[in-house]
Amino acid sequence: MERVDGIPTVKFDPNRVTEAVKSDLAKNIKEIREFDVSNFTKIYDSALRSISKGGDAAILFNSIMELNLPDMTKRRASEISISLNNKASALMERDQRVSAGIKYAIWVYSGAPCQVNPKKPSAKDIRQDTAHRASNGKRYEIAKGMLMNGRLVMPGQDEGCKCISRPVIPGLDQ
């Protein structure tokens, strides 16, 4: 652990941002309804910097706000920044565990609703949260993800997901 101005920090290895992570990032940006082709390069570059700095969502948030897009609120820019960072982190964590030979993990539900808008959840949010809650404590294959609502997902991958996972280390698993 390093210290910057007396504050403990964790050093991030930028080599974790693989071509697969970059490709997934590009796909996720293209799916965001507020952005069009003219915004893609700026958002992609900012998101890549954000991820490469260990998940510094402020970098991406500030770039989004600088675009002065109509209807872009600070809340929505924050949601986008956190979501893109979480999705990249989930993929990097999966890749790191697989490369270390870890095959399984235990899904851990955070206890907070896995919903985009917990104050006014949509039917999709409720289904997602129900599935994530039901997966708590269940073992899944890291390379594939957990099967939920007909698709394979990783903790942190779905919009609004706050779940994590606990790796099952061979020889130390319960």
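Is D158 buried or exposed?

## A buried aspartate

D158 counts as buried because its relative accessibility is 9%; buried means under 20% relative accessible area, exposed over 50%, and partly exposed in between, with a 1.4 Å probe and protein chains only. You will find D158 in the loop between β6 (151-153) and β7 (164-168).

This is a predicted model, in which local features need pLDDT of at least 70, side-chain atom pairs count only at pLDDT 80 or more, and totals for chains, interfaces and linings use all residues. Residues are numbered from 1 along each chain as its sequence is written, and side-chain values use heavy atoms, leaving out hydrogens and water.

Leaving aside residues up to four places away in sequence, D158 touches Q128, H132, R151 and V153 (contact means heavy atoms within 4.5 Å).

With two of these residues, D158 also makes side-chain polar contacts: one with H132 at 3.0 Å and one with R151 at 2.4 Å. A polar contact is a pair of N or O atoms within 3.5 Å; within protein, one must be able to donate a hydrogen and the other to accept it, and residues adjacent in sequence count only if both atoms are side-chain atoms.

## A look at the cavity

Now for some empty space. Rolling a probe the size of a water molecule over the atoms shows where such space is left.

The lining of the largest cavity is made by A90, E93, R94, R97, Y140, I142, M154, P155 and S165, where lining residues have an atom within 4 Å of a point on a 1 Å grid that a 1.4 Å probe fits but cannot get out of.

Notes: 1 Å grid on protein atoms, 1.4 Å probe; cavity = no way out; pocket = protein on both sides within 12 Å on 5 of 7 lines; lining within 4 Å. Helix = DSSP H or I, 4+ residues; strand = E, 2+ residues; numbered from the N terminus.
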